[in-house]
Amino acid sequence: MHRGAGAGQAAYTVFPVGNYKFGAKQPKPEKDNLTEQRLLRMKQKYDAEGVRRTVDAILLVAEHSHPHVLLLQYGQSHFFKLPGGKLKPDEDEVAGLRRKLELYVSPESELLRSPWDIGECVGCWSRPNFDTVFYPYTPPHITRPKEVKKLFM
């Protein structure tokens, strides 16, 4: 599925979901059972390391001529998310996203892996406080957000 782009817009080629084979990997155990525990751990990490930087990938496929976004199931829960995660300190965003995609989405066999082509950054979200709310901007009264999340195609 390919749609032409207008002036100043990017065009994306979206392949049918049938072109892909999906397997299952062992679920990663969740570090925190409760949201409060996760937010407390984030505060402790923030005090030690500073702003948390995360990246996520938007993976598009076509099914019945309609685009679909691929999501990953988080552990054994009924929670789904975009593939990606936390960057290492001083890690490049594209290299970090490529590392996360290889870890979570690529086949385990090296023979079946192919390199990930990371596209443009299409969004940047900020978490101003230690809560679950993200904003598509950094509020003016926040001098240093607690987390910055970037979305890539």
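Buried means under 20% relative accessible area, exposed over 50%, and partly exposed in between, computed with a 1.4 Å probe and protein chains only. The model is predicted: local features need pLDDT of at least 70, side-chain atom pairs count only at pLDDT 80 or more, and totals for chains, interfaces and linings use all residues. Residues are numbered from 1 along each chain as its sequence is written, and side-chain values use heavy atoms, with hydrogens and water left out.

**Figure 1. Overview of the chain, with two helices and eight strands.** Helices (H or I, at least four residues) and strands (E, at least two) are DSSP runs, numbered from the N terminus. Their order along the sequence is α-β-β-β-β-β-β-α-β-β. The C-alpha atoms fill a box of roughly 45 × 45 × 30 Å along the principal axes. Of the 153 residues, 29% are buried. Contact means heavy atoms within 4.5 Å; among contacts between residues at least 6 apart in sequence, 59% join residues at least 24 apart.

**Figure 2. The salt bridge between K86 and E49.** A salt bridge is a side-chain nitrogen of Lys or Arg within 4 Å of a carboxyl oxygen of Asp or Glu, and the structure holds eight of them. Between K86 and E49 the N to O distance is 3.1 Å. K86 belongs to strand β6 (residues 84-86) and E49 to helix α1, so the pair ties together parts that are 37 residues apart in sequence. K86 is partly exposed, with a relative accessible area of 25%. E49 is also partly exposed, at 45% relative accessibility. Both residues belong to a network of salt bridges that links K45, E49 and K86.

**Figure 3. E147 and its salt bridges with R52 and R127.** The side chains of E147 and R52 meet at 3.4 Å, N to O. This pair links distant parts of the chain, with E147 in strand β8 (residues 147-152) and R52 in strand β1 (residues 52-57), 95 residues apart. E147 and R52 are both buried. For R127 and E147, the closest N and O atoms are 2.9 Å apart. Here the linked parts are strand β7 (residues 121-127), which holds R127, and strand β8, which holds E147, 20 residues apart. R127 is buried, as is E147.

**Figure 4. K146, a buried residue with no salt bridge.** K146 lies in the loop between β7 and β8. Lys and Arg count as positive and Asp and Glu as negative, while His and the chain ends are not counted. The nearest side chain of opposite charge to K146 is D47, 8.2 Å away. Apart from neighbours within four places in sequence, the contacts of K146 are Y46, V51, R52, R127, P128, N129 and F130.

**Figure 5. A nonpolar surface patch formed by F15, Y20 and F22.** Patches are made of residues with over 30% relative accessible area and no salt bridge; like charges are joined within 9 Å, and nonpolar side chains (Val, Leu, Ile, Met, Phe, Trp, Tyr) within 5 Å. Together, F15, Y20 and F22 have about 330 Å² of accessible area, a quantity that comes from the Shrake-Rupley method with a 1.4 Å probe, where for residues only the protein chains shown count as cover. Y20 lies in the segment before α1 (35-49). Y20 counts as partly exposed because its relative accessibility is 38%.
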